[in-house]
2 protein chains.
Amino acid sequence: MSKIGEFHFVSESYLLDFRGRVTIPMMGNYLLHASSTHAEQRGFGFNDMKKQGCAWVLSRMVIEMISHPTMLQPFTITTWVEEINKFFTSRCFAIRNEAGEAIGYCRTLWAAIDLETRKPTDLSLLLNNLGSFIVDEPCPIEKPGKIQAAERDTPGIPYKVCYSDLDVNGHFNSIKYMEHLLNMFDIEMFRHKEVSRFEIAYMAEGKYGMELSLHKKEITPDRYITSICDEAGKAICRAEITWK
Amino acid sequence: MSKIGEFHFVSESYLLDFRGRVTIPMMGNYLLHASSTHAEQRGFGFNDMKKQGCAWVLSRMVIEMISHPTMLQPFTITTWVEEINKFFTSRCFAIRNEAGEAIGYCRTLWAAIDLETRKPTDLSLLLNNLGSFIVDEPCPIEKPGKIQAAERDTPGIPYKVCYSDLDVNGHFNSIKYMEHLLNMFDIEMFRHKEVSRFEIAYMAEGKYGMELSLHKKEITPDRYITSICDEAGKAICRAEITWK
């Protein structure tokens, strides 16, 4: 089996935004779908991990888009394992249009947690075949970095986690974090600009009924730091969103 | 071309709820997708209507589910035109599992509006071929009826229409109405019960930034009336939700 996985998608009209484009959160869904299918096909997917008493946890995700697929436009996502160290593995993605031109890239960082202790697991002990899938393939976007705390000096917008926010594991869906963060921007931003880079750091699990607060702050023109905090004011995720 | 359209779907894990089931709103997306594709293939779709200066408007939708597709379960939606009168046409749907057993049904009622005047158009003048697709196929669920006004004697939960609520036409996505109405129910309802019938009446367009209020009232055990009202307290949609 090839080290690089290739997955084909066609945008469905009911999953597009008001401009008829695939949204960043929906692209996030497609990327995670490609990621989990690639892992499953190669013996280190959700079910393989479960057998070892572990689960993958998404720690970082950064998506950079050059252009956005529109109505019924087919696109292809390729994904591969870039690196593995003791507690983290990085996975990259390229998104290409029908002509084979890159229209976006993505980088993700994953940890594995022990389902009993909820603590990180040593990946080298756990998955002795994961390393064999590492490929030296270019992913020409900046790696995720440290994101400043938007919550430090901005008032929060209250938000309560509800039924439609939950994923199949009953946690706050990682893609829904993105959706709620983008909803803080006025519609005029979407009319005149486009998100060119969306970088998110997941720091703690969101749960049903949690009373969260959403924060946003412009740090340089068109560059925003955002965060979602729990009842105690502790950030459960931070994101940096750049528009062009 | 056959009068009945048949469309195949496989539930994607990222579109399932915390119980691993296709949600009612997501099923609504699949049904509307089947509907628009059926119409397009037969010459009375979105683009055909646009050429005549008109657009389809969904007026009523009722979904009854016997069971719900779960992770990676393939299902088939068949859809057909049931009736046409001057201002409305009814379209039915059956949802079947891999064994061909019905797991749900749906009825919808559509009007066509003139894009200039925003007024209903006489369907008999507009689409002389629509009638040729009428089929006498059973759809064994009750037709949509009148829904009582939940807003009359319940306090509303405020909600402001945001970016992720908008459809490709820039209006409040008809499926998102369903999502917000279901989010009013406590998670325990979803844990122990299931929506068996979801009936919705669309009364006015929701737009970006509108300050809405959401209402819910139990009328008999496990039977609820709900509504979404605009700033003036006028209902823009009402729904009746039955659990089993």
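The crossing of α1(B) and α4(B) is right-handed, meaning that the near helix is turned clockwise from the far one by less than a right angle. Helices here are DSSP runs (H or I, at least four residues), numbered from the N terminus. In chain B, α1 covers residues 24–41 and α4 covers residues 174–182; their axes come within 9 Å and cross at roughly 165°. Axes are lines fitted to C-alpha atoms over the stretch in contact, with angles running from 0 to 180 degrees between N-to-C directions. Angles over 145 degrees count as roughly antiparallel, so that's what α1(B) and α4(B) are.

This is a predicted model, where local features need pLDDT of at least 70, side-chain atom pairs count only at pLDDT 80 or more, and totals for chains, interfaces and linings use all residues. Side-chain values use heavy atoms, leaving out hydrogens and water, residues are numbered from 1 along each chain as its sequence is written, and chains are lettered from A and ligands numbered from 1 in the order in which they are written.

Now for the two chains. Where they meet, 30 residues of chain B are in contact (heavy atoms within 4.5 Å) with 30 residues of chain A.

Note on methods:
Helices (H or I, at least four residues) and strands (E, at least two) are DSSP runs, numbered from the N terminus. Angles under 35 degrees count as roughly parallel, over 145 as roughly antiparallel, 65 to 115 as roughly perpendicular and the rest as oblique.
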